[in-house]
Amino acid sequence: MATNQQRREAAKRKLERQLERRLEQQKRRRMIGAGVVGVAVLVVAGVVVWIVSANSGDSPTAAPSSSAAPPPTDLQIPTQRTALPKRSKALPNPTTCDFKADTTGKAPKKVNLPDGKNVPSTGTVNVTLKSTAGDIPLTLDRALAPCAVQSFVSLAKQNFYNDTMCHRLGTEGLQMLQCGDPSATGDPTQDGQGGPGYTMPDEAFPEIKYGRGILAMAKTQAPNSGGSQFFMVYGNADGLPADYSVFGSISDEGLKVLDAVAKAGIANPNPQDGTGAPTKQVKFTGVTVS
């Protein structure tokens, strides 16, 4: 029969084990909670880095998946367009654009720098991106970003975008398709680093809002680092700061093309942010300017 001393020691050991289990459970709960928050932060941060890292050599690297991700069966795309933002104060007309040669990025296609003198800051330009997925008509607005419009039109007239493919699709958080890298091949570890060999000034302003139908320039974290890459928002743009120059809008016809591309899913998604080349390839066969 156990003595009182033995019973007290046994009870003490039992209590110690219970306390240890409770501490371990609390520790696991804290770890799980931190993991959930960490995942949410990574998703938001990944979206921003994804746009910010365009035209740069510091894009996140990740091994391509061996197979394409299944199409998002529950993809929700808003149907209401986002109104184009307006500047509270109009820009001088004409204005000057400081296009600078860039030797830090990839420029597989040689082009002439756009004319940066006497650039109009009023009026619109109609552009149609002819692609393997369908035509995407755009309306470029000089009042929003005259330098971006000047550059885009110059590149289009020099056939810069011909035979280039849209390399990055997002279906969560920021629903958009990014294009304009002349060296894109569909490899998420390499795409997003190419440009035209020059940079342009930032033209963002506080009133900018992103959403369905908005056309904007991609850039790196560095100021005045935009080039040839741009992104077309077909849906939500949750949490995207007003740092990216909006220079036009996408037509209803073009949005139907982007919706179909998004619903087809992402090939070789980057595990860091879930973005990647669209399963339904979008390759530009020509660009018309009128």
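Reply: The count comes to five salt bridges, a salt bridge being a side-chain nitrogen of Lys or Arg within 4 Å of a carboxyl oxygen of Asp or Glu. The model is a predicted one, in which local features need pLDDT of at least 70 and side-chain atom pairs count only at pLDDT 80 or more, while totals for chains, interfaces and linings use all residues. Residues are numbered from 1 along each chain as its sequence is written, and side-chain values use heavy atoms, with hydrogens and water left out.

Among these bridges is the one between Lys219 and Asp202, whose closest N and O atoms are 3.1 Å apart. This pair links distant parts of the chain, since Lys219 sits in the loop between β7 and β8 and Asp202 in the loop between β6 and β7, 17 residues apart; helices (H or I, at least four residues) and strands (E, at least two) are DSSP runs, numbered from the N terminus.

Lys130 and Asp135 meet through their side chains at 3.5 Å, N to O, and both ends are partly exposed, Lys130 because its relative accessibility is 32% and Asp135 because its relative accessible area is 29%. In the bridge between Lys100 and Asp98, the N to O distance is 3.6 Å; Lys100 has 46% relative accessibility and so counts as partly exposed, as does Asp98 with a relative accessible area of 45%.

Covalent links come next. A search of the whole structure finds two disulfides, a disulfide being a pair of cysteine sulfur atoms within 2.5 Å. In one of them, Cys97 and Cys147 have their sulfur atoms 2.1 Å apart, and the disulfide is left-handed because the torsion about its S-S bond is about -95 degrees. This pair also links distant parts of the chain, with Cys97 in the loop between α1 and β1 and Cys147 in helix α2, 50 residues apart. Cys97 counts as buried at 6% relative accessibility, and Cys147 counts as buried at 4%. A disulfide also joins Cys166 to Cys179, with 2.1 Å from S to S, and because the torsion about this S-S bond is about 95 degrees, the disulfide is right-handed. Cys166 lies in the loop between α2 and β4 and Cys179 in strand β5, so the pair ties together parts that are 13 residues apart in sequence. Both Cys166 and Cys179 are buried. With the bonded cysteines numbered in sequence order, the pairing is 1-2, 3-4.

The loop between α1 (4–52) and β1 (100–101) also holds Pro94, which a cis peptide bond, with omega about 0 degrees, joins to Asn93. The loop between α2 (146–157) and β4 (168–170) holds Asn159, a residue other than glycine whose phi is positive, near 60 degrees. Asn224, in the loop between β7 (214–217) and β8 (230–237), likewise is not a glycine and has a positive phi of about 55 degrees.

As for the interior, nonpolar side chains tend to be buried together in soluble globular proteins. The largest nonpolar core has 45 residues, of which Leu129, Leu138, Leu140, Phe152, Phe230, Met232 and Phe247 touch the most other members; a nonpolar core is a set of buried Ala, Val, Leu, Ile, Met, Phe, Trp, Tyr and Cys residues joined through side-chain atoms within 4.5 Å. Helix α2 gives the most to this core, with seven residues. A second, separate core of 15 residues includes Leu174, Phe205, Ala216 and Leu240.

Taken over its whole length, the protein has three helices and twelve strands, and buried residues make up 47% of its 290 residues. Counting contacts (heavy atoms within 4.5 Å) with a separation of 6 or more, residues 24 or more positions apart account for 75%.

Methods
Buried < 20%, exposed > 50% of the residue type's maximum accessible area, 1.4 Å probe, protein only.
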